[in-house]
Amino acid sequence: MKLNIAVLPGDGIGPEIIEQALNVVKVVSEKFGHELHYKYGLTGADAIDKVGQPYPEETHQLCMNADAVLFGAIGHPKYDNDPKAKVRPEQGLLEMRKRLGLFANLRPLVSFPSLLDKSPLKRELIEGADFVCLRELTGGIYFGKPQGRSEDGKTAYDTCIYTVEEIERILKLGFEMAGKRRKKLTVVDKANVLATSRLWRETALNMASSYPDIELEFMFIDNAAMQIIQWPKHFDVIVTENMFGDILTDEASVISGSLGILPSASMGVHTSLFEPIHGSYPQATGKNIANPIATILSASMMFETAFKLEKEAESIRKAVEESISQEIVCEDISKDGQSYGTNEVGDWICKYIQEH
Ligand code: IPM
Ligand code: MN
């Protein structure tokens, strides 16, 4: 099969982890006889420095013409500490999500048996935890207009907006996903306060009769934030709006032991995009310590979701699991002080795939 990939390394540790993930993609393509084509595109602070925009038109065209996008990370501290900056790297990520129509962000949360003791949570609570969070990605307060400041600069506002259509299309995926799993769907909202949340509930209730075998429950976001670490095994499929999903999944990452191993897939209208859920981790840039596993597992999701190549995806997952259980890992998940560099972990995983 011909695999046509847009590769967007972005900022911070992005280029280092993307290099490892791309090596894995190359090895898998070779092993399973696929013809790999890839092209690099600029995004984020890197793109602002080079061409003045965080998501240049050329990058958008590259993504539109690819079968999948493999993405590293976006963000640079020089913008975080400058609230007045006119262009920000994150705008590139949001624009990319919007223009590619990536309304569904799938974030699987599993506990790895050999990492149970890396989590600050008790082993018996997380052992066997396995759920997915489906985060709405192109609506809500991230995109609602108006957003801005009053003329005197003393008032600021954001707007949270959702239409029934936007809610329906993400809930539909949630119901379908639950159908393929343990048949339980938790809609997380703040319906006791927010009008948008009440529209989410109403829409979910209207759809429920079409999915009679799915157990539907609602949970307020504050309660969900507690339940997710108090009793993570309660959950199967969580579906929620943009910002709640952002916060909840960072929190949920403690179940797996590190943000450095969690992948995600964003799907919707145009080309699907695969990216780690962590950010650009500026403090680690260039130090060869960033964990490449989240991006490597994102590449696995790419094979599975964008190319429907399950065996290829599985070979990556298997190699990653093996690297974790044999403790060939970066410092964030290492146990007894012995840790490996970003490239050593990547190389080990490539070699394992080649040899098995
Ligand atoms: C994420 C990130 C982004 C988000 C930031 C970098 C804009 O935190 O992908 O989770 O909030 O969506
Ligand atoms: Mn986030």
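This is a predicted model: local features need pLDDT of at least 70, side-chain atom pairs count only at pLDDT 80 or more; totals for chains, interfaces and linings use all residues.
Local features are kept only at pLDDT of at least 70 and side-chain atom pairs at pLDDT 80 or more, while totals for chains, interfaces and linings use all residues. Residues are numbered from 1 along each chain as its sequence is written, and side-chain values use heavy atoms, with hydrogens and water left out.

**View 1. A cis peptide bond runs from Lys145 to Pro146.** Omega here is near 5°. Pro146 sits in the loop that links strand 5 (130–136) with strand 6 (148–149). Helices (H or I, at least four residues) and strands (E, at least two) are DSSP runs, numbered from the N terminus.

**View 2. Lys183 has a positive phi without being a glycine.** The angle is near 65°. Look for Lys183 in the loop between helix 7 (164–180) and strand 8 (184–189). Lys183 is partly exposed, at 31% relative accessible area. (Buried is under 20%, exposed is over 50%, and partly exposed is in between, using a 1.4 Å probe and protein chains only.)

**View 3. Asn288 is another non-glycine residue with positive phi, near 60°.** Its loop joins strand 12 (272–276) to helix 11 (293–306). Asn288 is partly exposed, with a relative accessible area of 31%.

**View 4. Asn242 is buried, at 0% relative accessible area.** Asn242 belongs to helix 10 (residues 242–256). Its side chain reaches the backbone oxygen of Gly139 at 3.1 Å. Beyond neighbours within four places in sequence, Asn242 is in contact (heavy atoms within 4.5 Å) with residues including Arg135, Glu136, Tyr142, Phe143 and Tyr162.

Technical notes
Chains are lettered from A and ligands numbered from 1 in the order in which they are written. A polar contact is a pair of N or O atoms within 3.5 Å; within protein, one must be able to donate a hydrogen and the other to accept it, and residues adjacent in sequence count only if both atoms are side-chain atoms.
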